[in-house]
Amino acid sequence: MARMTKEERRGGIISASLKLFAEKGFYITTIPDIAEKVGMSVGSFYNYFTSKDILAKELVMYISEYLGRKIRNINEKDISTERKIYEIVSMYFNMANEKPEMIEYFLRVYLSNREVFGEGCEGMICVSPFVTEMMILFEEGVSSKDLHNQDFFSAFGLFMGYLGGMVFLFGEKILSEPLEYYKESISQNIYNALKTR
Amino acid sequence: MTTKKLIEQIEGEANIYFDMKDGVVDFATVAFPHFRGLESILKGKNIMDALVITPRVCGICGHAHLMATVRAIEDAYKNAGETVVLNEKIEKIREFTLVMEIIQNHFKWIYLTIIPSLAKLSKSEDIQTPLKGAFGASLATKALAIFAGQWPHSSYMIPGGVTTDPTNIEILKAQSYVEELISFYEKEALGLSLEKFLNLESCTEFNTLEGDIRDLEKALVKEEMNKKGFSHDRFLVLGKHNYTVPSKLKQTRVFSVDAKYVEDVTTYSPKEKSYAKNAQYKNEYYETGPLSRMMAIGFPIVKNMHRRFKDSAYSRVMARVFELAYLLKHSKSLLQSISIDQPSYLKTADINKLTASGRGVVEAPRGPLIHEIDIKDGLIQKYKIITPTQFNIGSSQKPSLTPAQKAMTGLTQEEALFVFRTFDVCSVCTTH
Amino acid sequence: MHSKQDKRPTLLWIQGVTCNGNTHSFLNLPNIDQLLVKFRLLHHPSLAGEYSFEDMAACRFKCDILIFEGAYDPLMKRGGVLLSKIVEHYAQTAGHIIGVGSCASFGGMFKASAPERNSGLIFNEEIEYGPLLKYKSKVINIAGCPAHPEWISYTLSMIAAGKKVQVDELHRPIELFSNLAHHGCIRNEYFEWKVDAVAFGKKEGCLFYEYGCRAPMTHASCNKILWNEVSSKTRVGTPCFGCTEPDFPRQNLFSTKKNMSIPVDVPIGVPKRSYLTLTGIAKAFHIQRLEGKLIDYKKTD
């Protein structure tokens with residue numbers, strides 16, 4: 001087996017810890033648990049992240065950058081805002097299926113343990129790449145006259161709250177159908193709520 | 001036989017048509033040939049945009065237009081039951097900058113208009129010093145810009161206050177410009193201290209003067225301007241400020257006034273299309289401007305002058321010289337009493353929900369400036385402007401002559417052209 | 001007034017549809033006498049020149065430098081003569097033509113008097129159009145409503161000294177218009193840290209996000225070369241209205257146009273994505289010094 005680069009090992013820690021946090025919860029998971037899962041000593045773990053809080057912040061940035069990249073690809077397509085909304089919903093639900101730990105972490109750890117994310121992660125700093133792309137989506141939507149003009153957070157809250165709620169219901173196994181089934185109707189609902197009147 | 005004269009070196013362009021009889025003017029009409037259409041430009045725009053557009057009616061008195069707009073909007077708030085109460089600081093800063101604009105106007109008028117035109121009339125070979133006027137004006141506009149950011153074309157007055165929030169540094173700086181301006185006026189124009197000048201009681205004391213004003217006064221007498229250029233001997237002041245007493249005067253009898261009685265009527269201009277309208281107060285023509293304002297406050301030396309020379313061209317010119325001095329003194333006291341710890345702006349109700357009409361009245365350099373607005377949901381439905389030159393320099397049919405027409409009657413053409421300028425013509429305002 | 005040996009360049013100032021604002025702005029110039037001695041003034045709207053208004057309108061002479069103030073209206077007459085004839089006569093032989101003010105540069109405020117025909121000398125807003133297109137290489141636009149007196153003085157002095165005035169694509173002198181009005185604004189720190197003004201009449205806060213300030217999108221040196229040597233709009237808490245740009249006057253000048261709370265226009269040359277990223281980050285911090293009052297007079301007794 002080829003020797004892993006530092007970057008690859010770092011990536012390994014990120015995916016392992018995401019899974020552990022999602023399975024066991026943020027507080028219960030310890031650094032030794034994570035080290036064990038990636039097969040390294042606790043000492044060498046500290047070469048990558050000096051504390052659990054720092055790792056927690058890095059994870060948020062990692063997810064935000066990942067989401068931001070995906071939405072940016074959609075934003076840059078020459079398609080209507082209605083179609084962009086569908087693709088974002090679809091991307092998000094796919095992610096909830098394929099990488100549920102990322103969405104879980106985002107919803108359960110980041111949003112419910114804000115005290116961990118105080119210093120260095122204030123406001124939008126750690127989620128900036130993702131939020132910026134949502135701003136671009138909305139701003140371009142209004143300037144192309146697809147969406148009506150309103151406060152950013154009214155629209156953002158509607159969009160993300162809705163998706164987060166669905167993923168939560170999905171995670172709790174309350175939904176009777178797979179997420180795929182809801183893509184079309186949910187993106188239509190979002191678009192109808194935001195479109196030009 | 002009618003002779004046409006192009007009037008240059010006024011604000012904009014005007015043409016006078018003289019009907020001569022026995023070598024003197026029997027009847028004169030005035031045409032303002034340029035159309036600019038600002039009232040229609042304003043229609044449909046957000047009322048706040050008027051704060052940027054109306055100062056651009058006029059390069060020399062745009063600040064008065066700004067204040068008229070602000071007052072019209074604040075009046076509309078009042079009529080909508082949302083009265084805007086201004087504090088002393090706001091009122092004083094606004095008045096200071098307005099007064100500075102009047103001062104710059106008067107400096108330019110004295111040195112760039114009146115002294116050169118009088119020299120032309122008397123065929124004097126004296127060297128002209130128009131740049132003294134520009135220098136005095138530039139000091140006044142520096143003091144103005146400390147609060148307003150710039151001159152011309154500031155938009156620093158807004159409904160509910162002013163955008164500026166000065167510190168003592170700005171106040172001190174403005175004071176020093178005013179002091180410099182006073183010294184300049186004393187040294188170059190008066191040859192006498194401002195205080196002594198303002199305390200003169202009789203025209204016979206003018207021989208104590210030494211500067212440019214002494215020469216101006218002498219030349220006026222030499223050209224017998226104290227016996228020429230009489231108008232209706234009726235004066236009108238409408239703008240309410242600390243330096244005015246709104247009133248109308250018939251000779252020396254004083255009456256109360258209300259700007260709602262002002263109306264504009266069609267101009268009589270048979271020889272050329274004119275874009276101006278004449279302004280009347282209760283169907284009569286009144287003279288407006290410095291002579292009217294000084295008569296209305298009962299300024300002793302101007303009353304003395306009026307007793308001797310009535311509303312002659314002489315009185316009209318000299319009243320302005322005194323108003324300049326009076327306003328310099330007034331501006332000093334305004335600066336001394338500004339309390340910087342008061343707020344500069346008091347939040348008004350949402351202007352985008354304002355539906356009301358309002359009228360703003362201001363004493364501009366040449367007299368009352370009136371802006372009337374109808375607003376619906378913050379948008380301008382109608383904007384109407386009446387400017388001082390419309391009062392003074394209308395063009396009407398006999399026998400009801402406008403102040404300038406009356407004042408030019410019976411004079412030679414050269415004299416009439418000089419007298420015309422004693423009203424300080426603003427063509428750009430008139431054809432807004 | 002002048003002799004045959006007088007080799008100074010000759011200067012003529014004429015007006016189209018105007019408020020005279022540039023004329024009065026020019027008269028504010030400090031040491032205006034030092035500038036004027038460099039030229040023979042043939043005619044000016046308010047300063048005495050060698051020729052009368054009637055001579056000027058009758059095209060009785062020629063000039064080296066033609067200054068034009070106001071919007072150009074092809075149907076306007078000055079002194080009974082069509083402006084188109086007057087402008088062509090003097091422009092033909094002038095070595096330099098200067099449009100002073102935004103009306104002469106782009107149509108400006110008085111383009112709106114007759115939008116279907118009024119324009120600037122070589123631009124109608126930002127489109128090349130106007131009576132002097134064929135002399136375009138001679139034209140310098142000193143945009144601004146009004147033009148700043150020191151900008152006019154700079155341009156005239158450069159010409160008098162025989163130096164080339166380099167211009168941008170809108171023919172504005174680069175040395176005056178490479179700056180943005182934002183440069184030198186005393187509220188810059190509030191812009192950097194995204195502390196927005198919450199009301200007019202305060203020393204604190206940036207006017208960009210709420211109050212329509214165009215300074216980061218406006219080429220002008222208002223905060224470098226101060227107005228009347230003392231101040232500028234933004235220094236007294238008034239938003240910049242972008243009066244040096246071809247789209248002046250825009251609409252709703254006291255409020256910022258936003259889509260979903262995001263400013264439609266961001267600083268010149270800055271990608272919106274970069275601007276939003278930086279803004280989101282800057283807004284996350286709460287800096288007490290910038291959020292409080294600079295001076296509290298009530299406290300200082």
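In this predicted model, 18 residues of domain 1 of chain C are in contact with 13 residues of domain 2 of chain C. The side of domain 1 that touches domain 2 draws at least two residues from each of helix H5 (101-106), helix H6 (108-111) and helix H8 (174-177) of chain C, and by class this side has nine nonpolar, five polar and four charged residues. Domain 1 of chain C covers residues 10-177 and domain 2 of chain C covers residues 179-291, and the centres of these two domains, taken over C-alpha atoms, are separated by 30 Å.

Chain C also meets chain B, where 54 residues of chain C are in contact with 59 residues of chain B. Elements of chain B that each supply at least two residues of the side touching chain C include strand S1 (2-10), strand S2 (12-21), helix H4 (88-121) and helix H5 (130-148); of these, H5(B) gives the most, with 11 residues. Sorted by class, the side of chain B that touches chain C has 29 nonpolar, 19 polar and 11 charged residues.

In chain A, helix H4 (residues 52-75) has 24 residues, which at 1.5 Å a residue should span 34 Å, and its end C-alpha atoms are 34 Å apart, in agreement with that expectation. Buried residues of H4(A) include A:Ala56, A:Lys57, A:Val60, A:Ile63, A:Ser64, A:Leu67 and A:Ile71. An α-helix has 3.6 residues a turn, so residues three or four places apart point the same way. What covers the buried residues of H4(A) includes helix H1 (6-24), helix H5 (81-98), helix H6 (100-110) and helix H7 (128-143) of chain A.

Notes:
Residues numbered from 1 in each chain as written. Chains lettered and ligands numbered in written order. Predicted model: local features only at pLDDT ≥ 70, side-chain atom pairs only at ≥ 80, totals over all residues. Contact = placed C-beta atoms within 7 Å. Helix = DSSP H or I, 4+ residues; strand = E, 2+ residues; numbered from the N terminus. Nonpolar A, V, L, I, M, F, W, Y, C, P; charged D, E, K, R; others polar. Expected span 1.5 Å × (residues − 1). Buried ≥ 20, exposed ≤ 12 C-beta atoms within 10 Å, placed from the backbone. Domains from an automatic or database assignment.
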